[in-house]
Amino acid sequence: MHGPERIAEFLAGRFLRRGEGLSVGFQPVNGSPSALMVRDGAVVGVLMLDLHGETVTGVYAVTNPEKLTRLH
């Protein structure tokens, strides 16, 4: 899969299909632009972007509840 539009559509679709009661907010996490998925007031997942200039070179997903406890 290539191109930022196709990748963004894929990621958004992937999470929104499971998204009943899910909202998405945006804030930096560890200095990286990130999307936070929130359900019932708790962060249940984070997508972090690794950037090189204006190019996304990596996308990291964190869903381990132990690693999400400090986010809100």
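Predicted model: local features only at pLDDT ≥ 70, side-chain atom pairs only at ≥ 80, totals over all residues.
Trainee: What is the secondary structure of the protein, and in what order do the elements run from the N terminus?

Mentor: The protein has 1 helix and 4 strands. The order from the N terminus is α-β-β-β-β.

Trainee: What makes β1 and β2 a pair?

Mentor: Pairing needs at least two bridges between the strands. β1 and β2 have 5 bridges, in the antiparallel sense. They therefore pair under that rule.

Trainee: What joins β3 to strand β4?

Mentor: 7 bridges do, and the two strands run antiparallel. β4 covers residues 55–62. L47 has A61 as its bridge partner in β4, and D50 stands opposite G58 there.

Trainee: How many residues lie between the strands in the hairpin of β3 and β4, and which residue takes a positive phi?

Mentor: There are 2 residues between the strands, and G53 has a positive phi near 65 degrees. The hairpin of β2 and β3 also has 2 residues between its strands. In that turn, D40 has a positive phi of about 55 degrees.

Trainee: What makes the phi of D40 worth a remark?

Mentor: Most residues other than glycine have a negative phi. D40 is a residue other than glycine, yet its phi is positive, near 55 degrees. D40 sits in the loop between β2 and β3.

Trainee: Why is D40 called exposed?

Mentor: Exposed means over 50% relative accessible area. D40 has 77%, so it is exposed.

Trainee: Where does N30 lie, and what is its phi?

Mentor: N30 lies in the loop between β1, residues 22–26, and β2. Its phi is positive, about 50 degrees, although N30 is not a glycine.

Trainee: Is N30 buried or exposed, and why?

Mentor: The relative accessibility of N30 is 75%. The cut-off for exposed is over 50%, so N30 counts as exposed.

Trainee: Why is E20 called exposed?

Mentor: Its relative accessible area is 74%. That passes the cut-off of over 50%, so E20 is exposed. E20 is placed in the loop between α1, residues 4–17, and β1. E20 and R39 are 19 residues apart in sequence, with their C-alpha atoms 8.5 Å apart in space.

Trainee: What makes up the largest nonpolar core?

Mentor: It has 7 residues in all: V29, L36, V43, V46, M48, V62 and L68. β3 gives the most to this core, with 3 residues. In soluble globular proteins, nonpolar side chains tend to be buried together.

Trainee: Which residues does V29 touch, not counting residues up to four places away in sequence?

Mentor: V29 touches S34, L36, V46, M48 and L71.

Trainee: How many residues has the protein, and what share counts as buried?

Mentor: The protein has 72 residues, and 25% count as buried.

Trainee: Which residues line the second largest pocket, and what is its volume?

Mentor: The volume is about 170 Å³. The lining consists of V29, N30, V46, M48, V62, K67, L68, T69, R70 and L71.

Note on methods. Residues numbered from 1 in each chain as written. Heavy atoms only, no water. 1 Å grid on protein atoms, 1.4 Å probe; cavity = no way out; pocket = protein on both sides within 12 Å on 5 of 7 lines; lining within 4 Å. Points joined across faces, edges and corners; volume = space filled by probe spheres on them. Core = buried A, V, L, I, M, F, W, Y, C linked by side-chain atoms within 4.5 Å. Buried < 20%, exposed > 50% of the residue type's maximum accessible area, 1.4 Å probe, protein only. Contact = heavy atoms within 4.5 Å.
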